[in-house]
Amino acid sequence: MKTLTLMQAINEALLEEMERDPNSVYFGEDVAAMSGAFGATAGLLDRFGPDRVFDTPIAEATIAGAALGMALAGLTPITEFSFADFVGIAFDEIYNKLGKWNWMHGCCFKIPVTIRLPVGALAGSGPEHSQSPQALFMHSQGLYVAVPSNACDAKGLLKTAIRDPNPVLFFEHKLLYGMPGEVPEEEYTIPFGVADVKREGSDVTIVATSMQVLTALNAANMLAAEGIEAEVIDPRTLIPLDRKAILDSVRKTGRVVIVHEEPKTGGTGAELAAIIAEEAFFDLAAPIKRVGSADTPIPQSIFLEMEYKPNEEKVMAAVREVMQY
């Protein structure tokens, strides 16, 4: 094993996959000479040249549409938006074209498009540069959605995304970019639709995604001092979703708290709670509890931003509440 930050793990995945697949191309806003908004594409231009790594105008809809066209022409396009907030500009190209093209045309096309999308509240970046819109795409059809929470998962899932013949939206939390973690030395991928038990426990299940996996783990460790053993489940991909892993854990503990950074209303937790209620209602010993961000535009103030999103105290309070039943 070696230690990489999540950013380094992503960069390594991109270098390895572009080396492996000569049809792969990387393009987007400032991704070539500038190495992207957060530096994830460092070295790609030098290694693969301007025909395979190049900048585009600030035009997300064109980027997404061009990726579809390249895929139909036999290439493996990989791209990024500087911030996931801008996905709305390209919504039609992603939601209606990337996700549905194969299904609208006789299922005879491969659409191996990967779009990297930095998400999450960070340093008072405000309501247009801090959002987590991944839940919007749990409602879509034809798209895969990945939400890694550490360096190892990010590298393995990104390699899977690039190799997959379907379009993948790859949501990366900006606060995780600098987080170090152990990554295998050898070649590996992580299949979609396989959740990971980040911490085993017997009293309550915490299902958490992306950055909030770390929040959940911190909360679980502090709850252990109170005699509460929480199991932390990281779905890793929202589409496909590992329902079995979540339901197995809920049936074991009888209690569940769902944690995500999207606003609570209509967030990931709404769908997860519905699945659990439909399929494991009689295994529950307490009502399902969700911890999400406030239903409000993300504050510009870093102090209000801290209050806006989940934290360890909020997760611990939710767990204590379900444990009272």
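Modeller: Before we look at linings: Ala, Val, Leu, Ile, Met, Phe, Trp, Tyr, Cys and Pro count as nonpolar, Asp, Glu, Lys and Arg as charged, and the others, Gly among them, as polar. This is a predicted model, where local features need pLDDT of at least 70, side-chain atom pairs need 80 or more, and totals for chains, interfaces and linings use all residues. Residues are numbered from 1 along each chain as its sequence is written, and side-chain values use heavy atoms, without hydrogens and water.

Colleague: Thanks! What classes line the second largest pocket?

Modeller: Its lining has 5 nonpolar, 5 polar and 4 charged residues. A pocket here is an open set of points on a 1 Å grid where a 1.4 Å probe fits, with protein on both sides within 12 Å along at least five of seven lines; lining residues have an atom within 4 Å of a point.

Colleague: Which residues lie nearest its centre?

Modeller: T215, K309, P310, N311 and E312, out of 14 lining residues.

Colleague: And which helix gives the largest share of that lining?

Modeller: Helix 7, with 4 residues. Helix 7 (212-224) and helix 10 (302-308) each supply at least two. Helices are DSSP runs (H or I, at least four residues), and strands are E runs of at least two, numbered from the N terminus.

Colleague: Which residues of helix 7 meet helix 11?

Modeller: T215, N218, A219, M222 and L223 meet E312, V315, M316, V319 and R320 of helix 11 (heavy atoms within 4.5 Å). By class, that contact has 6 nonpolar, 2 polar and 2 charged residues.

Colleague: Changing topic, what lines the largest pocket?

Modeller: It has 19 lining residues, with Q131, S132, P133, L136 and P263 nearest its centre. Strand 13 (residues 256-263) gives the largest share, 3 residues. By class, the lining has 10 nonpolar, 6 polar and 3 charged residues.
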